[in-house]
Amino acid sequence: MLNKIILSSLNIVPKPIVKIFAKNYIAGETLDEAINTVKKLNAINCRTSIDLLGEYVESKEQALKEMDIRYNVLDGIIDSNLNSNQSIKLTSLGLGIDFEFCYENTLNIVKYAKERNIFVRMDMEDSPYHDKTIAIYKKFRDEGYDNVGVVIQSYMKRALEDLQELSKYNASIRLCKGIYVEPEKLAFKTYDSINDNYKLLLNYLFDNNMYVGIATHDDVLIDYAISEVEKRNLSKDAYEFQMLLGVRELKRDEIIRLGHNMRIYVSFGKDWYGYSMRRFKENPKIAGHVFKALFTGGK
Ligand SMILES: Cc1cc2nc3c(=O)[nH]c(=O)nc-3n(C[C@H](O)[C@H](O)[C@H](O)COP(=O)(O)OP(=O)(O)OC[C@H]3O[C@@H](n4cnc5c(N)ncnc54)[C@H](O)[C@@H]3O)c2cc1C
């Protein structure tokens, strides 16, 4: 109950207070800051995926405005010799405005990345964009671009069907629980049903030799994944674990110590506010700290 009150009050928290906590989750506002963060993570054996913050855009001009930064990310990966790929959200490239326009924008990034031997992960957003995201993925693959991957969310009831379709492409999949609020008709709602589906999907991926990024901070799922990996005697290049920057770092280090590959999702950009609010809403404990800081001035 208290958590609910805190969460619903979060929107009135002043930006400077949110920023104090956002610092843990965001590499910074600039690409240089992101590159520095990635260097530090690479030094402790973490691969990364760099994400320029930003979601749904209202106009084509807005979608095109930040294209250069996305190329700069790819150049930065090469110039600084980083062990990183790039994650992108298709609504930030116009998926909500015009399918072909978004496809062209994304293609330009994927092409630029392919020339530099860099992989591009297309994040999965809310359900109105699922079919379109998968359609764009398939279009890339049909046209010979193999440096792309998608994301499957285990809270979606359609997830297994999507994986069956994507298995025809031997797609590289990031498997996560899903972060958006979806209607009950489309999505599982309880912790157990989402986790049960996660396990089912993970087994499907392993059974079908599809590369999987196991993107979760949940001990239950991490332990399950490790036990399946061991049982199946999977090679290290069949899977990796993935976590968000600033979340459960001790667990992250433990997974690395056990010898598994780990990739950290590193977000940067001016649009840090919306991203941080989503992270806080995900984790009431942190939301509680933010709320407390309201009264203490963050001290
Ligand atoms: C690399 C990566 C990429 C992702 N990409 C997408 C995507 O493309 N589309 C999408 O819909 N979702 C994406 N997500 C988000 C994901 O769907 C979940 O919402 C999020 O990871 C929380 O679920 P969980 O599996 O960690 O389990 P949960 O059950 O939510 O969390 C397990 C435990 O982890 C800790 N924890 C979780 N989140 C936080 C946090 N923010 N801060 C501190 N501790 C925390 C808590 O201790 C919690 O008890 C991604 C997640 C990761 C790690």
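In which sense, parallel or antiparallel, do S6 and strand S7 (residues 239-244) pair, and over how many bridges? The pairing of S6 with S7 is parallel and comprises four bridges; two strands are taken to pair if DSSP finds at least two bridges between them. Strands (E, at least two residues) and helices (H or I, at least four) are DSSP runs, numbered from the N terminus. The model is predicted, and local features need pLDDT of at least 70, side-chain atom pairs count only at pLDDT 80 or more, and totals for chains, interfaces and linings use all residues. Residues are numbered from 1 along each chain as its sequence is written, and side-chain values use heavy atoms, with hydrogens and water left out.

Within this pairing, Gly213 stands opposite Glu240 in S7.

Buried means under 20% relative accessible area, exposed over 50%, and partly exposed in between (1.4 Å probe, protein chains only).

Thr106 lies in helix H6 (residues 99-115). Thr106 counts as buried because its relative accessibility is 0%. Beyond its neighbours within four places in sequence, Thr106 is in contact (heavy atoms within 4.5 Å) with Ile88, Leu90, Leu93, Met122 and Phe140.

One cavity of 30 Å³ or more is present. A cavity is a set of points, on a 1 Å grid over the protein atoms alone, where a 1.4 Å probe fits but cannot get out, and lining residues have an atom within 4 Å of a point. The largest cavity has a volume of about 40 Å³, the volume being the space filled by probe spheres set on the points. Its lining consists of Met124, His130, Val151, Ile152, Gln153, Met156, Ala159 and Asp162. Strand S4 (148-153) and helix H8 (159-167) are the elements that give two or more residues to this lining, and S4 gives the most, with three.

Technical notes: 1 Å grid on protein atoms, 1.4 Å probe; cavity = no way out; pocket = protein on both sides within 12 Å on 5 of 7 lines; lining within 4 Å.
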